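The exercises below go with the sequence and coordinates shown here. Try each task before reading its solution.

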Amino acid sequence: MPFVAATRSLGRAGLFSLAVLRASVPTRDFLAELVREIYKIGARSLPIIAVGGAFVGLVLTLQGYRTLATFGASNSLSTLLGLSLYRELGPVLTGLLFIGRAGSSIAAELGLMRATDQITALGLMGIDPVRKAVAPRFWAAVLTVPLLTAFFCSFAIAASYLEAVHVIGLDAGYFWSALKDNVDFVDDYCVAFLKSAVFGGTAALVAAYVGYHAEPTIEGTSVATTRAVVNASLLMLMLNFVMSALLFQ
Amino acid sequence: MSVRGPRLEFAVGAFLLLALASLLVLAIASTNGRWGFGQSSYELKARFTNLGQLRPSAPVKIGGVTIGTVSDITLDPVKFDSVVTLAIDSRYKDLPIDTSASILTGGLLGESYIGLQPGGDMESLEPGEEIAFTTPAVDLIQMVGKYMFSGGKPAASDNGAQSPDSTEPTP
Amino acid sequence: MTEPAPAVRLSAVRLARGGRTVLDGLDLAVPAGSITAVLGPSGSGKSTLLAALTGELAPAAGTVEVFGRPVPRDARALLALRKSIGVLLQGNGLLTDLSVAENVALPLRTHTELPAPVIARLVAMKLHAVGLRAAADLYPRELSGGMARRVALARALALDPPLMLYDEPLTGLDPIASGVVMALVQRLNRTLGLTSIVVSHHVRETLPIADHAVVVANGGIVFAGTPAELEASGDPLVRQFLHGEPDGPIPFDSRAFDNSTPVDARVKAA
């Protein structure tokens, strides 16, 4: 029965997540692994996030201006940009880009570790593979995705400013003041980073689960990578809806 | 991996520093900076016959300066007018008793907010008291309809001090 | 004179994976200090046998004893057992993010409280024993197949385990590298007084160094004895396996395919 199988699969994933949390002990080795993972999935995702953010900012400005101008409300452009960026586009798009770049690499790396017997070797050496390989990646994701979202929003706002003020010709002072007035620190800014942390954590857990349990073959690793990206993306979009419904009254 | 050891640590450190810097810049340059979670505020109430587009968390302003927010909106089951609870920043605690409250809109598409006009009375409103003088929201469409179908005569304004064209105080 | 207790003993062991019996009726005694070759065709369950020794797979029936004690199920006791067994896996299992020296040091850093300089000396010793002292700072991706296999061997020996298990150690190695690995297995076994169990299907390279040979096929052990006895055996399956004959008890034509139409008709229709 597919329903039973799906429920069991979900249960296994939940137990795996619990094991990851339980295995997170801040020893020196753990922190060294954590730093390494922050580099691999955080710092190296920076280019894609920066470029993505800039272009999202540009297109938001472009399309937003076109529509607002017909209502004579083009001064609300920066408000539109700020609110849509912090509330939805920033966390979600950063999350999706992160899943595509870092989520797939987490799944691939763990799948490869499974295929080359690294996970078995760790177990036979008496080292918990979840503690050594999975937990650092999880915490690196929880830490870096909010930071990447910050970069995304910075580049989006900067690009938007350049287009709005220097290309379209809106007033610079009004751009910043409208932005500042309408973006709430707690309700928009903080919520954006809370969302990002949740997205990063779930993306890492999904990718790690799929990669860790991949078939120990080349084909298994490639299947795992694709599944990780698809499942993590869908789960993230669902979580986004739930969080938005709960956090935005 | 192409980076190892001390260069790895430097790269990660630089990444974290840049990220924290951008977080800070974003917070300062693009948010309203209301850091306080439970900034001390006191409550005032006001009754309106028509709220228009007013919603909770709408700002409360005096002369364009935000001094609080709308914390609650309920309907009085006896008199059937709306009771709006205003959370005013405790810094502005000496609002005169004859202060008036009106529901204004910031531009055609702007959000509704409550504008307070302080009176001249020596006595101040105590926390929990009700603002006596209120002006309900202007329903633009209704006004335009009345104007159009009354044959051009400007309709007798039943809204007190409010003029048909909504004022647009600069935020 | 009493015989020394065997390092490993299997008594009427049945091993199953996922409900399907892989091996049954296993009775085996591996003498301490010997090199035992476990041979057999691919897929015969040799690696499953090793899994039973390391505690990865609990026997469905019978007892598996290592150093005179049954393989425990309890996590802490199992950990203690695993510290005394060194395993060389088919994929090497070298961690890609760590250098060679860091890989070899991993068991030492995890299970001992030795200070860093002592660990560094031990790592150098282990690498020297496999002839790779100069490769200490390389990363696994920079190593050839044979070198990686030797580093994995050095790591397996890090805690000086009395029992060494080798799972297909010659997979993917050229003749020279194979010779190096087999020579190392033999030399280390002698000098360190280890008990070694080598699972392999490379008969020609493995038999010369083995003291005992076991052939696993058809879901059980079909032969156990010395290499000389193995060569002299008359069993058709053993002979087919030893001499690499394409047809015999294990047929050339696999029964898994549809055999109802004759071969020529099938070829013409394709």
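**Exercise 1.** Why does the radius of gyration of chain C agree with that of a compact globule?

Solution. The model is a predicted one. Start from the chain length: chain C has 270 residues. For that length, a compact globule would have a radius of gyration near 18 Å. Chain C has 21 Å, which agrees. Next, take the extent of the C-alpha trace, which spans about 70 × 50 × 35 Å along the principal axes of chain C. Finally, among contacts in chain C with a separation of 6 or more, 65% join residues 24 or more positions apart.

**Exercise 2.** Describe the side of chain C that touches chain A.

Solution. Count the residues: chain C contributes 16 and chain A contributes 11. Assign them to elements: α2 (75-83) and α3 (100-111) of chain C each give two or more residues to the chain C side. Of the elements, α3(C) gives the most, with 4 residues. Sort by class: this side of chain C has 6 nonpolar, 7 polar and 3 charged residues.

**Exercise 3.** Which residues touch the most other members of the largest nonpolar core?

Solution. That core has 156 residues, and the answer is A:Ala203, A:Ala207 and A:Ala208. Helix α6 (residues 129-168) of chain A supplies the largest share of the core, 22 residues. Now follow one residue: leaving aside residues up to four places away in sequence, A:Ala207 touches A:Gly103, A:Ile106, A:Ala107, A:Ala228 and A:Ala232. A second, separate core has 21 residues, including B:Leu54 and B:Val60.

Methods
Residues are numbered from 1 along each chain as its sequence is written. Chains are lettered from A and ligands numbered from 1 in the order in which they are written. This is a predicted model: local features need pLDDT of at least 70, side-chain atom pairs count only at pLDDT 80 or more; totals for chains, interfaces and linings use all residues. The radius of gyration is taken over C-alpha atoms; the globule rule is 2.2 Å times the number of residues to the power 0.38. Two residues are in contact if their C-beta atoms, placed from the backbone, lie within 7 Å. Ala, Val, Leu, Ile, Met, Phe, Trp, Tyr, Cys and Pro count as nonpolar, Asp, Glu, Lys and Arg as charged, and the others, Gly among them, as polar. A nonpolar core is a set of buried Ala, Val, Leu, Ile, Met, Phe, Trp, Tyr and Cys residues joined through C-beta atoms within 7 Å. A residue is buried if 20 or more other C-beta atoms lie within 10 Å of its own, exposed if 12 or fewer, and partly exposed in between; C-beta atoms are placed from the backbone.
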